[in-house]
Amino acid sequence: MIFKAVRNGRPYPDHGLSARDWAMVPPRQVRLDTLTTTKRELALDTLLAEDSTFYGDLFPHAVLWRGELYLEDGLHRALRAALQQRTVIHVRVLDLDAIVPAIRG
């Protein structure tokens, strides 16, 4: 198993972070098998492209919501790591549990 689960869509509220905001979130190591994807489909050309992160963030983005880690952006980078037999990747993690405690219930 590569990921914990595969979903189609985000179960958490919109956080409104821009690319600049994400850049302020420090990356940390995350096990691939703790991530739930928010996309069911992947463009094969994106997975195989050598310059797929040229215009984007080097680190995937994940959101911690209700104790679960959801991979919001960077599915192709995470899958590429798995194909290289890596079980851990560096990910920027936004902790919505800490930011939105009132909705947590």
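This is a predicted model: local features need pLDDT of at least 70, side-chain atom pairs count only at pLDDT 80 or more; totals for chains, interfaces and linings use all residues.
Visitor: How many residues of strand β4 are buried?
Guide: Helices (H or I, at least four residues) and strands (E, at least two) are DSSP runs, numbered from the N terminus. Buried means under 20% relative accessible area, exposed over 50%, and partly exposed in between (1.4 Å probe, protein chains only). Strand β4 covers residues 61–65 and is mostly covered, its buried residues being five of five.

Visitor: Which residues of β4 point the other way from His61, Val63 and Trp65?
Guide: In a regular strand the side chains alternate between the two faces of the sheet. In β4, His61, Val63 and Trp65 point one way, and all the residues on both sides are buried. Pointing the other way are Ala62 and Leu64.

Visitor: Which residue in β5 is the bridge partner of Ala62?
Guide: Two strands pair if DSSP finds at least two bridges between them. β4 and β5 (residues 68–73) run antiparallel and are joined by five bridges. They form a hairpin with two residues between them, and Arg66 in the turn has a positive phi of about 55°. Within β5, the bridge partner of Ala62 is Leu71.

Visitor: And which residue in β6 does Ala62 stand opposite?
Guide: Strand β6 (residues 88–95) pairs with β4 in the parallel sense, over four bridges. In β6, the residue opposite Ala62 is Val93.

Visitor: Which residue forms a salt bridge with Lys4?
Guide: A salt bridge is a side-chain nitrogen of Lys or Arg within 4 Å of a carboxyl oxygen of Asp or Glu, and the count here comes to four. For Lys4, the closest N and O atoms are 2.7 Å apart, and the partner is Glu68. Lys4 lies in the segment before β1 (5–6) and Glu68 in strand β5, so the pair ties together parts 64 residues apart in sequence. Lys4 has a relative accessible area of 42%, and its salt-bridge partner is Glu68.

Visitor: How far apart are the closest N and O atoms of Arg77 and Asp73?
Guide: Arg77 counts as buried at 12% relative accessibility, whereas Asp73 is partly exposed at 28%. The two form a salt bridge, and their closest N and O atoms are apart by 3.2 Å.

Visitor: What is the centre-to-centre distance between Tyr12 and Tyr70?
Guide: Rings of Phe, Tyr and Trp (its six-membered ring) pair if their centres lie within 6.5 Å; planes under 30 degrees apart count as stacked, over 60 as edge-to-face and the rest as tilted. The count comes to one aromatic pair. Tyr12 and Tyr70 form that pair, which is tilted with 45° between the planes, and the centre-to-centre distance is 5.9 Å.

Notes: Residues are numbered from 1 along each chain as its sequence is written. Side-chain values use heavy atoms; hydrogens and water are left out.
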